[in-house]
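Dear colleague,

I am passing on the structure below, together with some notes on what turned up when I went through it. Please read them with the model open beside you.

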Number of protein chains: 2
Amino acid sequence: MRTHVLGIDLGGTKVSAGVLDHNGQIVGRARAKTRAWRENDEVFSTIAQVGHTALERAGIDSQSLDALGIGSPGPLDPDTGYIIDSANLRFDNFPLGPRLATEFGCPVVLANDVDAGTYGEFRAGAARGASDVLGVFVGTGIGGGIIANGKLYHGFSKNAGEIGHIVIRAGGPKCNCGARGCLEALASRTAISKDIRKAIRRGRRTIVTKLLSKKAESVPSTTIKKAFQKGDPVVTKIVTRAAEHIGIALGSMVNLLGPEIIVLGGGVIEALYPDMIGVIEKSTRTVAFEFAMKGVQIVKCELGDDAGIIGAAMLATELKPSSQPA
Amino acid sequence: MRTHVLGIDLGGTKVSAGVLDHNGQIVGRARAKTRAWRENDEVFSTIAQVGHTALERAGIDSQSLDALGIGSPGPLDPDTGYIIDSANLRFDNFPLGPRLATEFGCPVVLANDVDAGTYGEFRAGAARGASDVLGVFVGTGIGGGIIANGKLYHGFSKNAGEIGHIVIRAGGPKCNCGARGCLEALASRTAISKDIRKAIRRGRRTIVTKLLSKKAESVPSTTIKKAFQKGDPVVTKIVTRAAEHIGIALGSMVNLLGPEIIVLGGGVIEALYPDMIGVIEKSTRTVAFEFAMKGVQIVKCELGDDAGIIGAAMLATELKPSSQPA
C-alpha cells in the first residue's frame with residue numbers, strides 16, 4: 001500500500017528531503033549540498049540520492065510512495081514538470097518532474113520553492129486556518145507565495161507571487177532582474193550587504209569591518225544581526241530602512257490582495273525578526289487602509305527549513321501531478 | 001417567470017442602470033446625477049428611481065427580476081450588502097443591499113464598482129475567455145479588480161484589488177489616502193491635473209492656460225487630450241510620466257499576479273489610450289519578467305460605461321446574494 005509522501009526542497013545551496021507519513025509527520029530526512037555548478041545530470045543524481053536516503057531512513061522503499069513533491073527555484077512549469085530556466089541551478093528547460101517520476105515510480109508535483117514554503121506554513125505552520133495568505137521570504141533574494149481562497153495561486157504565467165520584483169521605489173537601485181527599485185533591490189540580504197559595503201567604502205565606522213574579512217563580498221545574516229544587536233549605527237540604519245521597505249510592500253499587498261495572514265520567513269527574517277518586526281508593522285500601517293488591516297496578522301514562519309519539504313509533500317497529495325511515471 | 005436582471009453602476013457623479021435579458025442584452029436603460037452630497041435616503045431614492053425607470057423602459061416590472069447587482073464605491077461588505085464608508089457618497093455603514101432587496105423584491109449582489117467593471121469586461125468585453133485578469137481603471141482615482149482562476153477575488157479584506165494604492169515610488173508625492181508614492185498619486189487624472197497646475201504656477205507655458213478658466217482646479221481628461229494632441233510639451237511630459245508609472249505598476253503586477261489580460265479603462269484611458277499605450281507597454285516590459293510577459297495582452301476596455309452595469313448584472317446571477325428580500 002502506498003502510504004507515504006516524499007517532499008524535497010531544492011535550493012541553490014542545499015537540497016533537503018523528508019518522508020511524511022499519513023499523519024503528516026516527517027519520519028525520515030536527508031540533505032546534501034546542491035553543488036549547482038555541476039552538470040544537470042550530476043545535480044539530478046544528488047537530488048535523487050537525497051530522496052532515496054530519506055526513504056531509507058524512514059524504513060520504506062519507493063513502492064510505498066503515494067507521491068513526490070519538489071519545490072525548486074523557478075521559473076518553472078507546474079503542468080509539465082519542467083524547470084524553464086534557473087540561473088542558480090543551470091537548469092534550462094530541464095524535465096525535473098518527469099525524471100523524478102521515473103526515478104521514484106510515483107506521480108510528481110513540481111512547485112516553486114517559495115510557493116512550497118508558503119504552502120507548508122499554510123497547511124501546517126504559522127498560517128494554518130486562513131484562506132488568504134501571503135508568504136514573503138527574505139534571504140539572498142526575496143520571494144513570495146500567494147494562497148487565494150485556500151489554494152496556491154499560479155496565475156496565467158504559472159509563476160505568480162514574485163513579490164521581490166514589484167517596484168516600490170521607481171528609479172531606485174538597480175535590481176539583479178534589470179529593473180530599478182524592486183523590493184529585492186531594497187531589502188534583501190544582498191541589498192543590505194551592498195549598503196553596508198558602500199557605507200564602509202565611504203569611510204563610515206561600523207563593527208562589521210571587524211567582524212568580517214575584507215574580501216568577503218556579502219555580509220551574512222548572522223553578522224548583520226550581531227552588529228544590529230550591538231547597536232552599530234550604520235547597520236541599524238540600513239536594517240531599519242530595509243524593514244521600512246518591506247513594510248511598504250506589505251502595506252501595498254494588504255490593499256491589493258487583502259490577505260488574512262502574512263507569513264515572513266527566510267534568512268534575514270530568521271536572524272532579525274524581533275529587531276525588524278516593529279518597524280515592518282509600523283511601515284505597513286502607513287500604507288495599508290485601516291479597514292483592510294482589520295484582523296490581519298503579520299507572523300514569523302513556524303516550520304523554518306521544514307516549510308519547503310512539508311509544503312512540497314502536501315502539494316504532492318493535493319494538486320494534479322506535473323508528471324506521472326511511464 | 002423571472003427572466004431579467006437589473007445592473008446598477010453607482011458612482012460619485014452619476015448612477016446608471018440597465019436591464020439585461022436572458023441573452024445578456026441591455027433592453028432598458030436609465031441614468032441620473034447622484035447628487036451625492038444629499039442625505040442617504042435621498043440618494044437611495046434616486047438609485048431606486050433609476051432602477052425603476054430602466055425596468056419601465058424595458059417594459060417589465062420588478063416581479064420579472066431574477067436578481068439585482070450593484071457596483072458601488074467602497075469599502076463595502078459583499079456578504080452583508082453594507083457600504084462600510086464611502087467618502088464620495090457619504091454612505092457610512094449603509095445597508096444598500098438590503099434596502100434594494102426590499103425595494104425590488106429580489107436577491108441583491110453588492111460589489112465594488114471597479115470589480116463590477118472588471119467583471120463586465122471579463123464576461124462580455126475585452127477580457128472574454130481569459131481566466132486571470134487584472135482590470136485597471138484610471139480616472140479621478142485609480143481602481144482595480146482581480147479575476148483569479150475565473151473568479152472575482154475579494155481576499156480576506158473583502159475589498160482586494162486596490163491597485164491605486166500600491167506604492168511604486170516610496171517617499172513620492174502624498175496620496176489622498178495618506179500614504180506617499182501610491183500609483184494614484186502619480187498617474188490619476190488628479191495627479192496629472194496637479195502636475196499641470198504646478199507647472200503653470202512655475203511659469204511654464206502650456207496651452208492648457210488658454211483652454212481652461214483660471215479658477216478650474218482640476219483639468220478634465222478632454223483638455224489633457226487636446227493639449228497632448230497639439231504637442232504641448234508640458235502636458236506631453238506629464239502624461240508620459242504618468243504612463244510610465246502605470247507601466248511600472250503593471251510590470252509589478254505581471255510579476256506578482258501573472259495575469260493573461262490586463263484591461264485598462266476609466267476617463268484618462270478612454271481619452272488618451274492611443275497616446276499612452278506605447279509608453280505604458282514599454283514601461284511594463286522594463287519591470288516584468290520576459291517569461292511572465294509571454295502571451296500577456298494589455299488592452300483597452302470594450303464596454304465603456306456599460307462595463308459596470310453588465311458586470312454588476314452578471315455578478316448578480318453568479319454570486320451568492322449579499323441580501324435577500326424579506
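The peptide bond that joins Gly74(A) to Pro75(A) is cis, with omega at about 0°. Please keep in mind throughout that this is a predicted model. In chain B, Pro75(B) likewise falls in the loop between strand 4 (65-72) and strand 5 (76-77), and the bond from Gly74(B) to Pro75(B) is again cis, its omega being near 0°.

On the relation between the chains, chain A is superposed on chain B by a rotation of 180° with 0.0 Å of shift along the axis, and the RMSD is 0.0 Å. This is how a two-fold axis relates its copies. Because 100% of the interface residues of chain A are also interface residues in chain B, the two copies meet through the same surface.

Taken by itself, chain A contains 11 helices and 13 strands. Its radius of gyration is 20 Å, close to the 20 Å that the globule rule gives for 326 residues, so chain A is as compact as a globular protein of that length. Along the principal axes, its C-alpha atoms fill a box of roughly 60 × 50 × 35 Å, and buried residues account for 60% of the 326 residues. Of the contacts in chain A between residues at least 6 apart in sequence, 65% join residues that are at least 24 apart.

A residue that may interest you is His165(A), which lies in the loop between strand 11 (151-152) and helix 4 (184-187) of chain A. With a relative accessibility of 7%, His165(A) counts as buried, the cut-off being under 20%. Apart from its neighbours within four places in sequence, His165(A) is in contact with Cys175(A), Cys177(A), Cys182(A) and Glu184(A), and also with Ser252(B), Asn255(B), Val287(B) and Phe289(B).

Helix 8 (residues 233-257) has 25 residues and reaches 35 Å from its first C-alpha to its last, which is close to the 36 Å expected at 1.5 Å a residue. Since 19 of those 25 residues are buried, helix 8 is largely enclosed by the rest of the structure. At the start of helix 8, a side-chain oxygen of Asp232(B) comes to within 3.3 Å of the backbone nitrogen of Val234(B), while the residue that follows the helix, Gly258(B), has a positive phi near 55°.

Helix 5 (residues 189-201) of chain B has 13 residues and spans 18 Å between its first and last C-alpha atoms, close to the 18 Å expected. Its buried residues include Arg189(B), Ile192(B), Ile196(B) and Arg197(B). The buried residues of helix 5 pack against helix 4 (184-187), helix 6 (208-211), helix 7 (221-229), helix 8 and helix 9 (267-287) of chain B. Just after helix 5, Gly203(B) takes a positive phi of about 90°.

Finally, there are backbone angles to check in residues other than glycine. Arg90(B) has a positive phi of about 60°; it lies in the loop between strand 6 (82-86) and strand 7 (91-94) of chain B and is partly exposed, with a relative accessible area of 45%. Asn93(B), which is found in strand 7 of chain B, has a positive phi of about 55° although it is not a glycine.

With best wishes

Technical notes: Residues are numbered from 1 along each chain as its sequence is written. Chains are lettered from A and ligands numbered from 1 in the order in which they are written. This is a predicted model: local features need pLDDT of at least 70, side-chain atom pairs count only at pLDDT 80 or more; totals for chains, interfaces and linings use all residues. Side-chain values use heavy atoms; hydrogens and water are left out. Copies are superposed by least squares on the C-alpha atoms of residues with pLDDT of at least 70 in both. Contact means heavy atoms within 4.5 Å. Helices (H or I, at least four residues) and strands (E, at least two) are DSSP runs, numbered from the N terminus. The expected span of a helix is 1.5 Å times one less than its number of residues. Buried means under 20% relative accessible area, exposed over 50%, partly exposed in between (1.4 Å probe, protein chains only). A polar contact is a pair of N or O atoms within 3.5 Å; within protein, one must be able to donate a hydrogen and the other to accept it, and residues adjacent in sequence count only if both atoms are side-chain atoms. The radius of gyration is taken over C-alpha atoms; the globule rule is 2.2 Å times the number of residues to the power 0.38.
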